[in-house]
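Dear colleague,

Please find below the structure that I am handing over to you. My notes on it follow directly after.

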Amino acid sequence: MAAGSSRARRSLGGVLWRRPKLRALLLLAPPVAWFALIYLAALVVLFINAFWQLNPLTSQVEHIWNVGNFTTILHSSSYRSIAFRTVGIAAATTVTDVVLAFPFAYYMARVASPRKRAVLFVMVLLPLWSSYLVRVYAWRQILDHDGILNWSLQKVGLPAANIGYTNTAVWIVFSYVWLPFMILPVYASLERIPESMFEASADLGARAWGTLRRVVLPLALPGIVAGSIFTFSLTLGDYITPILVGGAGSQFIGYVVYQSVGISNNIPFAAAFASVPLVIMAIYLLVARKLGAFEAL
Amino acid sequence: METKSARIGLRIWAALVICFLWLPLVLIMVYAFNSSNVQSWPLPSLSTKWFPVAWHDPQVREAFWLSIKAGLTATGIALVLGTCAAFAIHRFRFFGREAISFVLVLPIALPGIITGMALNSFFTNRHINLSFWTIVIGHATFCVVIVYNNLLARLRRTSPSLIEASMDLGANGFQTFRFVTLPVIATALISGGLLAFALSFDEVVVTYFTAGAQNTLPLLIFGLIREGQQLPEVNVIVFAVILMTAIPVALAQRLTRDTGVLRRR
Amino acid sequence: MKRVIVALAAIAALAVQAASAGTSGLPTSIGKGEGKLNVIAWEGYTQPEWVKPFEQQTGCQVNFKYAGSSDEMVALMSQGGDSQYDLVSASGDASLRLIYSKLVQPVNVKLVPSWKQFNAAFKSPPNNTINGVHYGISLQWGPNTLLYNTKLVKPAPTSWAAIYSPKYKGKITVPDNPIQIADAALYLSKSQPSLGITDPYELTQAQFNAAIGLLKQQRPLIVKYWALASDEIDLFKNGDAVIGASWPYQLSTLEAAHAPVTDTIPKEGATGWLDTWMLSAKAPHPNCAYKWLSYISTPKVQAEQAVSYGETPVNSKACPYMNKLSKGSCAQYHANAPIAYYKQIKFWKTPLATCDNGKNDCVPYPQWQQAWTQMKG
């Protein structure tokens with residue numbers, strides 16, 4: 001019994017060994033089928049919707065091909081400023097996170113003892129497991145008019161910083177929530193730099209800053225770019241943080257898209273406006289690939 | 001290598017970043033003891049009355065178990081699909097290899113609202129009822145890339161000579177997989193799986209669009225936040241989640257440490 | 001003689017068919033509860049105070065999804081919700097959209113015993129009854145109020161002008177809802193009578209542009225457009241807002257948290273809502289749904305919800321229960337003399353292109369939504 005089944009397995013294994021193309025096909029079939037039939041199909045249908053229109057009288061989607069949604073977006077100063085504002089805050093968040101994460105990751109990779117490194121790892125990952133919603137909501141308590149920040153400033157005698165419900169608050173909170181997503185890839189790429197690089201650089205006469213600039217940063221760049229993909233893309237499409245901590249001026253792409261779908265039920269317009277972050281991310285990803293970020297994800 | 005002052009500076013910076021990361025978490029844990037149901041500072045008084053409320057709330061329990069079940073199922077699917085994809089991309093060169101890598105990254109690279117909208121339209125147009133399974137489909141789709149990336153990184157660092165040696169010693173394909181490949185990739189699978197589960201457990205945007213009347217924990221939390229009168233209960237829930245997840249996170253960290261199997265130069 | 005009998009029989013048959021045509025497909029009795037009930041509700045409509053006894057009595061466990069605007073409710077129902085949720089507490093500006101999109105089904109009011117006790121105006125109002133067919137049971141109604149901080153806003157405001165003036169710049173909040181354009185129009189109908197606005201939901205392009213113009217002027221004064229009820233509660237509690245447009249729910253929550261706030265209906269009047277519990281077209285738990293409808297329309301529960309939220313019940317027998325829960329609440333919410341007060345409120349309704357005066361040049365709602373988003377941006 002056992003001999004028969006093992007022979008069957010061996011012959012099946014042999015067939016698969018001799019036909020690598022068959023093996024490749026069998027391995028690829030499940031994920032490709034899943035993505036093609038579900039995800040890509042859904043995306044394609046969604047973006048076809050962008051070329052249709054919502055009938056203003058019946059509120060039903062009319063299958064009439066036109067670029068009305070896109071012209072509305074391009075010609076309206078509000079939508080243009082919404083797009084620029086979103087890209088601006090995504091860029092600000094990314095830069096902030098790089099500045100915050102790089103020294104931290106450097107410390108973790110090069111200075112901290114292995115035990116400290118393990119503890120730091122856990123302390124960076126644990127916030128990711130606790131509710132994103134509640135962490136953002138907690139920032140309201142800090143940045144409110146009568147919140148912790150102003151209370152502390154008052155105690156020290158400084159004037160109140162009224163950043164509650166402003167875009168500054170949105171920037172701070174975005175930088176906060178995506179920080180672990182920047183720390184991890186930067187750490188991964190810094191950790192991969194062998195010690196011999198540092199020694200060689202010192203042997204060739206470079207001091208600390210020179211080594212940093214000419215050896216470490218270029219090698220860490222893939223990790224930084226990988227992290228920036230996360231921070232940029234997550235900021236571009238997020239609507240929850242603007243809803244919770246944003247103010248009247250916090251109109252971002254994600255929120256407009258969400259309003260169009262979840263409230264106005266205007267899927268064609270939502271799809272058209274959603275193509276803006278899509279195009280931006282596509283360009284970003286192509287540039288990132290050139291900089292080798294996909295190896296470091 | 002680094003100067004002493006640099007080391008001290010870095011240490012201080014790291015401490016500040018940790019404080020920044022944990023400030024809201026500490027706040028959440030403190031506010032779990034808020035006696036008033038409206039959040040303000042300073043706290044009017046402390047009370048533990050919300051703990052039994054959260055414990056006995058059937059909606060909280062239902063949402064919690066739904067999140068766990070959806071997470072496990074989605075992670076399971078993602079492990080299968082991600083492993084298949086990683087092996088295929090690693091071992092074979094074929095037309096469209098780059099394209100497949102790109103497509104797998106899309107669910108995470110694109111804003112969640114696009115994925116959510118697309119899936120919702122997809123299901124509604126085909127008259128597929130939104131249910132537990134539509135939630136799982138949504139989650140599995142963006143979890144695949146996490147398993148795939150983890151596994152691919154590990155495969156790239158593994159020497160192919162191991163497989164050849166195993167074959168030379170007489171093992172067939174299945175035996176090689178079971179005794180040689182699997183132990184090497186096991187930790188990558190587990191850490192990928194844990195990360196995927198974490199993402200699914202806390203996901204709210206895609207879930208909002210793919211859930212029917214069910215509430216996962218994040219959806220329930222969002223509802224309680226908007227209602228505005230049960231916020232301490234929300235803080236209690238998150239407090240509990242932080243405590244419960246400390247162990248799996250520590251475990252994941254242990255496993256991602258490089259066990260170094262014949263590292264390529 | 002035979003022909004007369006045949007004719008009478010035919011007429012009788014037609015009469016029977018006509019009578020049953022209106023009620024064909026409607027259930028004639030409430031069956032056993034399915035153990036679960038999924039509802040889409042306004043924040044504050046499903047408090048444990050009256051939900052827990054319902055769950056204990058009927059065994060139907062209630063799951064709720066909150067929505068902050070009628071648009072959200074319609075969107076939820078359109079995007080697969082009609083087979084997921086059993087009931088939706090739709091206001092007048094959502095109910096007709098839901099009916100015409102066939103997302104809700106008619107209800108048999110005979111299965112709701114308390115329906116007979118409703119005030120006449122709410123038994124078959126035009127926003128949930130079409131040609132005698134009831135598409136839901138009226139629930140509660142109330143005004144959109146002007147909420148303000150009694151310590152920081154002096155003198156007490158008497159006009160909606162208070163939220164359009166720079167006096168409280170950066171501390172004003174209004175709902176993030178396109179229907180707010182009607183509130184601006186309502187204010188303009190009294191402050192600029194030359195515009196000729198009679199119905200704030202039926203605006204010609206010129207009147208609409210004037211309202212948008214007013215809102216654009218207001219935009220720099222706003223700290224936040226609140227989308228979640230808890231947003232406004234937090235804004236007032238933590239000192240970020242001192243005056244704004246609100247629902248009575250926020251007031252009762254803030255009062256319970258000892259915040260120094262109160263509300264008022266300014267002299268220009270107010271917009272408001274009249275809610276209906278509507279039954280989804282493909283409700284998965286119809287028996288529990290009918291049990292809920294029967295329960296929520298009884299005088300005691302109507303009173304509990306009215307006092308908790310701050311709105312007016314439709315059941316005429318709710319008054320004594322209201323006064324027992326909170327002395328004077330019956331008069332405060334005009335539950336005992338509703339009609340005069342009711343006529344003052346401009347209830348939410350979906351703006352259509354067809355105006356009541358027979359013309360077709362009013363601005364339809366999708367344009368309201370676009371204009372609102374662009375105004376904020």
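This is a predicted model: local features need pLDDT of at least 70, side-chain atom pairs count only at pLDDT 80 or more; totals for chains, interfaces and linings use all residues.

Helices, as the word is used here, are DSSP runs of H or I with at least four residues, numbered from the N terminus.

**Salt bridges between distant parts of chain C**

Over all chains, the structure holds 12 salt bridges. One of them joins C:Asp199 to C:Lys349, the closest N and O atoms being 2.7 Å apart. This pair links distant parts of the chain, 150 residues apart: C:Asp199 is in the loop between helix 6 (180–191) and helix 7 (205–218), and C:Lys349 is in the loop between strand 15 (345–347) and helix 15 (365–376). C:Lys349 also forms a salt bridge with C:Glu202, with 3.7 Å between the closest N and O atoms. C:Glu202 lies in the loop between helix 6 and helix 7, 147 residues from C:Lys349.

C:Lys349 counts as partly exposed, at 29% relative accessibility.

**Chain B as a whole**

Chain B has 11 helices and zero strands. Of its 265 residues, 58% count as buried. Its C-alpha atoms fill a box of roughly 70 × 65 × 30 Å along the principal axes. Among contacts between residues at least 6 apart in sequence, 74% join residues at least 24 apart. Chain B exposes about 11,200 Å², and carbon and sulfur atoms supply 68% of that area. It carries 20 positive and 11 negative charges, whose mean positions are 9 Å apart.

**The two interfaces of chain B described here**

Chain B meets chain A through a contact that takes 87 residues from chain A and 82 residues from chain B. Together the two chains bury about 8,500 Å², 80% of it on carbon and sulfur atoms. On the chain A side, A:Trp34, A:Tyr39 and A:Trp129 supply 10% of the buried area, more than any other three residues. How many salt bridges cross the interface of chain A and chain B? The rule finds zero.

The contact between chain B and chain C takes 23 residues from chain B and 32 residues from chain C. About 2,300 Å² is buried there, of which carbon and sulfur atoms give 45%. One salt bridge brings together the side chains of B:Arg226 and C:Glu72, at 3.1 Å from N to O.

After helix 3 comes C:Gly80, with a positive phi near 95°. In helix 9 (residues 248–256), the buried residues include C:Pro248, C:Tyr249 and C:Leu251. Just after helix 9, C:His258 takes a positive phi of about 60°.

C:Thr276 is placed in strand 13 (residues 270–280). It is buried, with a relative accessible area of 0%. Leaving out residues up to four places away in sequence, C:Thr276 touches residues including C:Val88, C:Asn127 and C:Tyr135.

C:Thr298 lies in the loop between helix 10 (286–296) and helix 11 (299–309). At 24% relative accessibility, C:Thr298 counts as partly exposed. Beyond its neighbours within four places in sequence, C:Thr298 is in contact with C:Ser114 and C:Asn315. C:Asn315 is 17 residues away along the chain, with 7.3 Å between the two C-alpha atoms.

Definitions and conventions
Residues are numbered from 1 along each chain as its sequence is written. Chains are lettered from A and ligands numbered from 1 in the order in which they are written. Side-chain values use heavy atoms; hydrogens and water are left out. Helices (H or I, at least four residues) and strands (E, at least two) are DSSP runs, numbered from the N terminus. Buried means under 20% relative accessible area, exposed over 50%, partly exposed in between (1.4 Å probe, protein chains only). Contact means heavy atoms within 4.5 Å. Accessible areas come from the Shrake-Rupley method with a 1.4 Å probe; for residues, only the protein chains shown count as cover. Lys and Arg count as positive and Asp and Glu as negative; His and the chain ends are not counted. The place of a charge is taken as NZ of Lys, CZ of Arg, CG of Asp or CD of Glu. Buried area is the accessible area (1.4 Å probe) that two parts lose on being put together, summed over both. A salt bridge is a side-chain nitrogen of Lys or Arg within 4 Å of a carboxyl oxygen of Asp or Glu.
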